[in-house]
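Subject: Structure for your review

Dear colleague,

I am handing over the structure we discussed, and below it I set out what was found. Please read the notes with the structure open beside you.

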2 protein chains.
Amino acid sequence: MNSKTVPNTATGQKASSAHRSYEEELREAGIRITKPRKVILKILTQASDHPDAMEIFRRAVKVDASIALATVYRTMKMLEDLGAVHRHSFEGGPARFENADAEHHDHLIDLDTGDVIEFHSERIEQLQQQIADELGYDIEHHRLELYGRKRKK
Amino acid sequence: MNSKTVPNTATGQKASSAHRSYEEELREAGIRITKPRKVILKILTQASDHPDAMEIFRRAVKVDASIALATVYRTMKMLEDLGAVHRHSFEGGPARFENADAEHHDHLIDLDTGDVIEFHSERIEQLQQQIADELGYDIEHHRLELYGRKRKK
DNA sequence: CTTCCAGTTGCAAACGATTTGCATTTGCAT
DNA sequence: ATGCAAATGCAAATCGTTTGCAACTGGAAG
Ligand SMILES: [Mn+2]
Ligand SMILES: [Mn+2]
Ligand SMILES: [Zn+2]
Ligand SMILES: [Zn+2]
């Protein structure tokens with residue numbers, strides 16, 4: 001009763017607008033808006049999944065063949081430091097990213113397909129908080145991942 | 001001078017696990033008990049922390065300088081496949097291991113010291129189960145990690 | 001107690017993901 | 001338009017981990 005999938009952002013090619021755009025954030029932070037960054041930011045804005053660096057690179061190369069993988073890594077690091085994206089390290093694999101302005105949520109990873117399903121449980125969040133309190137800790141962040149497969153029948 | 005199977009009663013050491021020993025498990029699985037494995041297994045049996053491969057290697061080399069890091073990795077993989085140890089990948093860092101026969105628990109990682117504190121919440125476990133149910137999934141395993149620092153105050 | 005060989009080892013080279021050094025561009029403030 | 005720090009592409013380097021291979025056992029059979 002208290003879990004729900006979080007609807008994802010825009011589908012289609014809704015370039016900018018919506019919430020505060022990445023470019024706006026960079027500008028505010030005094031970071032240059034370069035051509036490769038524009039391409040990457042657009043890809044991230046349009047992404048409805050949780051792509052890894054290589055996947056972002058593949059999509060970027062289709063738009064501008066001269067973009068380097070290193071630039072994707074550098075840009076993702078920069079966005080993470082800015083707090084504009086979140087980095088997830090699911091089960092050993094490469095880091096995957098997602099826009100940071102969605103509401104907090106946790107993930108269920110489909111072991112067969114690799115699909116990532118988002119969910120949120122306020123009750124779990126509270127319990128985590130309570131546990132940290134009891135242990136005398138302030139939680140900075142946490143990670144809750146469920147790994148499973150579609151229920152057979 | 002070798003009688004059949006001398007019962008391996010505790011050698012006066014603190015045998016922290018009151019469960020089936022690693023060597024017993026290997027034997028049952030038909031896996032050879034070699035000199036380097038004995039060293040590693042003893043280290044794991046005595047460990048009360050969550051050491052990574054390099055740390056296990058360091059401890060092993062003190063006992064037998066000829067042990068190779070590759071052997072540590074191979075042995076840990078084998079133990080994981082056997083289900084004798086659990087592998088954790090906390091926040092980007094190298095994989096850390098722990099004996100698998102402790103009760104299930106989750107971890108709080110101290111961001112300042114790297115210390116790992118164990119905790120368990122049956123209520124959270126239930127909620128996870130409930131969420132997976134609602135999403136139509138069977139959970140194979142999960143991962144709940146809290147990252148924080150000792151409460152200043 | 002020997003023999004025997006598949007399992008195991010040490011070593012180095014290979015790996016995949018990510019980072020970094022550096023010479024060359026480029027954004028953008030002046 | 002100009003100047004220069006910031007950013008880029010490329011290659012080489014790092015890090016944790018895995019793997020190929022020849023040499024070396026564990027332990028079952030004799
Ligand atoms: Mn997500
Ligand atoms: Mn533990
Ligand atoms: Zn959460
Ligand atoms: Zn748990």
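In chain A, β3(A) and β4(A) pair in the antiparallel sense, joined over 4 bridges, where pairing requires that DSSP finds at least two bridges between two strands, and where strands (E, at least two residues) and helices (H or I, at least four) are DSSP runs numbered from the N terminus. Within this pair, A:Leu108 has A:Ile117 of β4(A) as its bridge partner. Both strands belong to an open sheet of 6 strands with mixed pairing, in the order β4(A)-β3(A)-β5(A)-β5(B)-β3(B)-β4(B), and its edge strands, each pairing on one side only, are β4 (116–119) of chain A and β4 (116–119) of chain B.

Please bear in mind that this is a predicted model, in which local features need pLDDT of at least 70 and side-chain atom pairs count only at pLDDT 80 or more, while totals for chains, interfaces and linings use all residues. Residues are numbered from 1 along each chain as its sequence is written, chains are lettered from A and ligands numbered from 1 in the order in which they are written, and side-chain values use heavy atoms, with hydrogens and water left out.

A:His104 lies in the loop between β2 (96–99) and β3 (106–110) of chain A and A:Glu125 in helix α5 (residues 122–135) of chain A, so the pair ties together parts that are 21 residues apart in sequence. A:His104 counts as partly exposed at 37% relative accessibility, whereas A:Glu125, at 14%, counts as buried (buried is under 20% relative accessible area, exposed over 50%, partly exposed in between, with a 1.4 Å probe and protein chains only).

Turning to DNA strand C, there are 20 residues around it, of which A:Ile33, A:Tyr73, B:Arg37, B:Thr71 and B:Arg74 come nearest, a residue being near if one of its heavy atoms lies within 4 Å. Sugar and phosphate account for 65% of the atoms of DNA strand C that come within 4 Å of the protein.
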